[in-house]
Amino acid sequence: MPIHSGLSDHQLVFLLKEGNQPAMTAIFERYWERLFAVALNRLDSQEEAEECVQDVFINLWRLRETLDLKYSLYTYLSAAVRYRVLDLLDARYRQSQHAPDVLSYLLENNSTVLSPESSLLEKELLDHIEAIVERLPEKCRIVYRLSREEGKSHKEISAELNISQKTVEAHLTRAIKDIKGNLPAYIPGFVIWFFFL
């Protein structure tokens, strides 16, 4: 068992900022599988999904000293994977002569917003989501946080809260519906769709 595996995310991030490589290894081992599943679900290519997650971890290490997490580590990493996937899909569509014109237009005209270097839209989107989540009914909010922020499966949430998986699904459906319905109109629809797909 790795030396840092029992530490909390907060403790690992603190050590990571100091350049502690075992802390980076512990983060990698804790989240690799979940992040790979997120990427694979959207890319349908094991090789691209692996490359996507590796890029996210490389960037995490490179930016470790300036890392400022407002949300959970998993939320940060998951968002980073989603933006990296969008970049890869953008490149894929640009290479394809059969790419839908509307999607190509949206991706090209929002490329600065979707690049990993630009975090303004991501921060704004996460701020809005956090405000909406805070207003959800308690059980609904707990289920949402366990699923989206801690990356737990419906089965794990069901066992932890002693509720059925159908109830977990109902709470998540309501949370996502409320979030989508209350986000500002100026946030591009395809970005919202991508976050909640």
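Which residues in H9 meet which residues in H10? The exercises below work towards this point and others in a predicted model.

**Exercise 1. Describe the contact of H9 with H10, naming its residues and the angle at which the two helices pack.**

Solution. 

Step 1. Identify the partners. From H9 come His154, Lys155, Ile157 and Ser158, and these meet Gln165, Val168, Glu169 and Leu172 of H10.

Step 2. The contact of H9 with H10 comprises three nonpolar, three polar and two charged residues.

Step 3. A pair of packed helices is described by the angle between the axes and the distance between them.

Step 4. Report them. Helix H9 covers residues 154–161 and helix H10 covers residues 165–182; they pack at an angle of about 110°, and their axes are 8 Å apart. Since angles of 65 to 115 degrees count as roughly perpendicular, H9 is therefore roughly perpendicular to H10.

**Exercise 2. State where His154 lies, whether His154 is buried, partly exposed or exposed, and what His154 touches.**

Solution. 

Step 1. His154 belongs to helix H9.

Step 2. Classify the residue. The relative accessible area of His154 is 29%. Buried requires under 20% and exposed over 50%, so His154 is partly exposed.

Step 3. List the contacts. With its neighbours within four places in sequence left aside, His154 is in contact with Gln165, Val168, Glu169 and Leu172.

Step 4. Compare sequence and space. Val143 is eleven residues from His154 along the chain, and their C-alpha atoms are separated by 8.9 Å.

**Exercise 3. Determine how the buried residues of H9 are arranged around the helix, and what covers them.**

Solution. 

Step 1. Name the buried residues. In H9 these are Ile157, Ser158 and Leu161.

Step 2. Look down the axis. The buried residues of H9 fall within an arc of 100°, so they line one face of the helix.

Step 3. Turn to the face directed away from this buried side. There H9 carries the exposed residues Lys155 and Ala159.

Step 4. Find the cover. H8 and H10 are among what covers the buried residues of H9.

Step 5. Follow the chain onward. Just after H9, Asn162 has a positive phi of about 60°.

**Exercise 4. Check the length of H8, then examine Ser147 and Gly151.**

Solution. 

Step 1. Helix H8 (residues 138–149) has twelve residues, which at 1.5 Å a residue should span 16 Å; the end C-alpha atoms of H8 are 15 Å apart, which agrees.

Step 2. Name the buried residues. Those of H8 are Cys140, Val143, Tyr144, Arg145, Leu146, Ser147 and Glu149.

Step 3. Examine Ser147, a residue of helix H8. Its relative accessible area is 13%, and Ser147 is buried. Apart from neighbours within four places in sequence, Ser147 is in contact with Lys152, Ile157 and Leu172.

Step 4. Move to Gly151, in the loop between H8 and H9. Just after H8, Gly151 takes a positive phi of about 70°. Gly151 has 21% relative accessibility and counts as partly exposed.

Step 5. Neighbours within four places aside, Gly151 is in contact with Arg34, Tyr74, Leu146 and Glu156. Leu35 is 116 residues from Gly151 in sequence, and the two are 9.1 Å apart in space, C-alpha to C-alpha.

**Exercise 5. Show that H3 has a buried face, and classify Ile58.**

Solution. 

Step 1. The 17 residues of helix H3 (residues 46–62) should span 24 Å at 1.5 Å a residue, and the end C-alpha atoms of H3 are 24 Å apart, which agrees.

Step 2. List the buried residues. They are Ala49, Cys52, Val53, Val56, Phe57 and Leu60.

Step 3. Look down the axis. The buried residues of H3 fall within an arc of 125°, so they line one face of the helix.

Step 4. Inspect the other side. There Glu47, Ile58 and Arg62 are exposed.

Step 5. Classify Ile58, which lies in helix H3. Ile58 counts as exposed, at 51% relative accessibility. Ile58 and Met24 are 34 residues apart along the chain, with their C-alpha atoms separated by 10.0 Å.

**Exercise 6. Summarise the whole chain.**

Solution. 

Step 1. Count the elements. The chain has eleven helices and zero strands.

Step 2. State the burial. Of its 197 residues, 41% count as buried.

Step 3. Among contacts with a separation of 6 or more, 61% come from residues 24 or more positions apart.

Note on methods:
Residues numbered from 1 in each chain as written. Predicted model: local features only at pLDDT ≥ 70, side-chain atom pairs only at ≥ 80, totals over all residues. Heavy atoms only, no water. Helix = DSSP H or I, 4+ residues; strand = E, 2+ residues; numbered from the N terminus. Expected span 1.5 Å × (residues − 1). Buried < 20%, exposed > 50% of the residue type's maximum accessible area, 1.4 Å probe, protein only. Arc of directions from axis to C-beta. Axes fitted to C-alpha atoms, helices over the stretch in contact; angles between N-to-C directions. Parallel < 35°, antiparallel > 145°, perpendicular 65-115°, else oblique. Contact = heavy atoms within 4.5 Å. Nonpolar A, V, L, I, M, F, W, Y, C, P; charged D, E, K, R; others polar.
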